[in-house]
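Look at the model below.

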Amino acid sequence: MILRTLFLFILGAAFGSFLNVLILRYKAGEAVFGRHLGGRSACPKCGKILHWYELIPIMSFVIQVGRCRGCKQGISFQYPIVEIMSGVIMATMPLIFGMTIHSFIWVLALLTLLAASFIDARHYVIPDALVIIITLCGVASTALIAAGKAMSAELIPGTFLGSYAYIFSFTANPWLGHLLAALAAGAFFSVVSLVSKGKAMGWGDVKLATAVGFLIGWPDAIMAIMIAFIIGSVAGIIMLVTKKKKLKDALPFGPFIAIGTAIIIYFGQSIMALYFKLLNLAA
């Protein structure tokens, strides 16, 4: 089990290296999977073509102490962060779903969400191609749940909230539950975008929220959005206090949607258990 998890982490980190190429070479308005993905990797500062031993995920950054071997300029921490996060995703999904097709679907969905987050943080745009991939993952996952082939020893199929999901559920039909979550998330974000005239929320956020809603379903999506807004609000306040952002400045919300989703996937049931425990103590 340990060796398998380690292997999957290393494999995931390698995929993370590709995600970095995807993220850093993307330009707003271009196809996310365009010709820009071709060509050898080079230092963005001095243009030095990198050798294979300078491209080893995580390790190269550590060995080179975060600096280019050519110009000695600092390398963005995005490289190891994306690689580590990709490794964690690849290693942990099989622990939840086992070595199944459902696990593969969730790995693809979360890696795509990771790429969308970093692109949004850099360019304030979320490519439609990535939203489509997340949506298709939601369709595939829901189909497996409906067919009864997404069973897990730790999770009730279709939710990451465990038995607590039954408290908020309106239907036992997975398709209706996921469609309801998509419509609710999309409608809420659309209202925020329209009321704020696109300043508080862009249409890219609307599309991503809708896709994530279909991916994780009801009521998980609602919990994820609540967490996203809480973290986003805290981050916005911190940026205002530290003067990194002004009140009128835009704040990319895609990363917060991704964080909220990840928190629900990994800790949803624990959060609900803690909430009801505190509720009982306060009663």
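The axes of helix H7 (residues 174–195) and H9 come within 9 Å and cross at roughly 30 degrees. This is a predicted model. Angles under 35 degrees count as roughly parallel, and H7 and H9 are therefore roughly parallel to each other. H7 brings Ala181, Ala184, Ala185, Phe188 and Phe189 to the contact, while H9 brings Ala221, Ile222, Ile225 and Phe229. By class, this contact of H7 with H9 has 9 nonpolar residues, no polar ones and no charged ones.

Now take a second pair. Helix H4 (residues 101–123) packs against helix H5 (residues 128–146) at an angle of about 155 degrees, and their axes are 9 Å apart. Angles over 145 degrees count as roughly antiparallel, so H4 and H5 are roughly antiparallel to each other. The crossing of H4 with H5 is left-handed. On the H4 side, the contact residues include Ile101, His102, Trp106 and Ile119. On the H5 side, Leu130, Cys137, Ser141 and Ile145 are among them. The contact of H4 with H5 counts 16 nonpolar residues, 3 polar and no charged.

The two pairs sit side by side here.

| Helix pair | Angle between axes | Distance between axes |
|---|---|---|
| H7 and H9 | roughly 30 degrees | within 9 Å |
| H4 and H5 | about 155 degrees | 9 Å |

Next, the empty space. Rolling a probe the size of a water molecule over the atoms shows where empty space is left. The model has 2 cavities of 30 Å³ or more. The second largest cavity has a volume of about 50 Å³. Which residues line the second largest cavity? They are Ala185, Ala209, Val212, Gly213, Ala221, Ala224, Ile225, Ile257 and Thr261. Helix H8 (203–216), helix H9 (220–241) and helix H10 (254–282) each give at least two residues to this lining. The lining of the second largest cavity holds 7 nonpolar and 2 polar residues, with no charged ones.

The largest pocket has a volume of about 640 Å³. Its lining has 29 residues, and Ala42, Pro44, Leu50, Ile75 and Tyr79 lie nearest the centre of the pocket. Helix H1 (2–25), helix H2 (59–63) and helix H3 (78–97) each give two or more residues to the lining. Which helix gives the largest share of the lining of the largest pocket? It is H1, with 5 residues. By class, the lining of the largest pocket has 15 nonpolar, 8 polar and 6 charged residues.

Two spots in the backbone deserve a look. Most residues other than glycine have a negative phi, and most peptide bonds are trans. Ile58 has a positive phi, near 70 degrees. Ile58 lies in the loop between H1 and H2. The peptide bond from Trp218 to Pro219 is cis, with omega near 5 degrees. Pro219 is in the loop between H8 and H9.

Leaving out residues up to four places away in sequence, Val192 touches Ala200 and Met201. Val192 and Cys43 are 149 residues apart along the chain, and their C-alpha atoms are separated by 40 Å.

Methods. Residues numbered from 1 in each chain as written. Predicted model: local features only at pLDDT ≥ 70, side-chain atom pairs only at ≥ 80, totals over all residues. Heavy atoms only, no water. 1 Å grid on protein atoms, 1.4 Å probe; cavity = no way out; pocket = protein on both sides within 12 Å on 5 of 7 lines; lining within 4 Å. Points joined across faces, edges and corners; volume = space filled by probe spheres on them. Helix = DSSP H or I, 4+ residues; strand = E, 2+ residues; numbered from the N terminus. Nonpolar A, V, L, I, M, F, W, Y, C, P; charged D, E, K, R; others polar. Axes fitted to C-alpha atoms, helices over the stretch in contact; angles between N-to-C directions. Parallel < 35°, antiparallel > 145°, perpendicular 65-115°, else oblique. Left-handed = near helix turned anticlockwise from the far one by under 90°. Contact = heavy atoms within 4.5 Å.
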